[in-house]
Amino acid sequence: MDFDQLRGDLQWLRGEDGVVRAEEAVKVLSRLLVPLFAAEGLDLFEPESPGLGVDLCAAPRDDDREEGRYRTSVAIEYRHHGQGRPIDIDAIDQLIANMGKTPYDRAMLIGRFGFSEAAMEAARSKVPVELELLDLEGIGAWIHRLEVG
């Protein structure tokens, strides 16, 4: 795993001033997340149907699709733009609504600028699926944990 490249991609996401299209930011995030999820035994890929309302998906690499579901799977949404403000509860509600259209068991919402208290509380209390909130600092910690073993 090239930790220097991972830190470089993370630094680009942190420093990007919001002028690039969200799709370009998702490509950089994807490049960053591929080895992180691989260390967890998951492959990262784009959703089969772009209308699902999520940016990326992850599932076990040796998994067979049974009945349209992955055994353990993650739908990932990235909020790149946000004018420097943390993500609020409306993004949680939107992701929950989108999850009703997907065959995934877990959801991960990645926010460039973190999350409001209301969003964190909603993620803990009212979701019908497991919802993880992760900001860029959390991704940095994930890289560090893998690097130190």
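Predicted model: local features only at pLDDT ≥ 70, side-chain atom pairs only at ≥ 80, totals over all residues.

Trainee: Let me begin with the fold. How many helices and strands are there in the protein chain?

Mentor: The protein chain has five helices and five strands. Read from the N terminus, their order is α-α-β-β-β-α-β-α-β-α.

Trainee: And which share of the residues counts as buried?

Mentor: Of its 149 residues, 45% are buried. The protein chain exposes about 8000 Å², with 48% of that area coming from carbon and sulfur atoms.

Trainee: Now the helix pair. How do I describe two packed helices?

Mentor: In general, you give the angle between their axes and the distance between the axes. Here, helix α2 (residues 22-39) and helix α5 (residues 136-148) have axes that come within 11 Å and cross at roughly 45°.

Trainee: Which residues meet where α2 and α5 touch?

Mentor: From α2 come Leu 29, Leu 32, Leu 33, Leu 36, Phe 37 and Ala 39, and they meet Ile 139, Trp 142, Ile 143 and Leu 146 of α5. By class, this contact has 10 nonpolar residues, no polar ones and no charged ones.

Trainee: Let us stay with helix α2, where Ser 30 is found. Is Ser 30 buried or exposed?

Mentor: The cut-off for buried is under 20% relative accessible area. Ser 30 has 19% relative accessibility, so Ser 30 counts as buried. Leaving aside residues up to four places away in sequence, Ser 30 touches Leu 44 and Leu 56.

Trainee: One more residue, please. Where is Gly 114?

Mentor: Gly 114 sits in the loop between β4 (106-111) and α4 (117-125). With a relative accessible area of 7%, Gly 114 is buried too.

Trainee: What does Gly 114 touch, not counting residues up to four places away in sequence?

Mentor: Gly 114 touches Pro 86, Ile 87 and Asp 135. Check Glu 137 as well: Glu 137 is 23 residues from Gly 114 along the chain, and their C-alpha atoms are separated by 8.5 Å.

How values were computed: Residues numbered from 1 in each chain as written. Heavy atoms only, no water. Helix = DSSP H or I, 4+ residues; strand = E, 2+ residues; numbered from the N terminus. Buried < 20%, exposed > 50% of the residue type's maximum accessible area, 1.4 Å probe, protein only. Areas by Shrake-Rupley, 256 points an atom, 1.4 Å probe, with all protein chains shown as cover. Axes fitted to C-alpha atoms, helices over the stretch in contact; angles between N-to-C directions. Contact = heavy atoms within 4.5 Å. Nonpolar A, V, L, I, M, F, W, Y, C, P; charged D, E, K, R; others polar.
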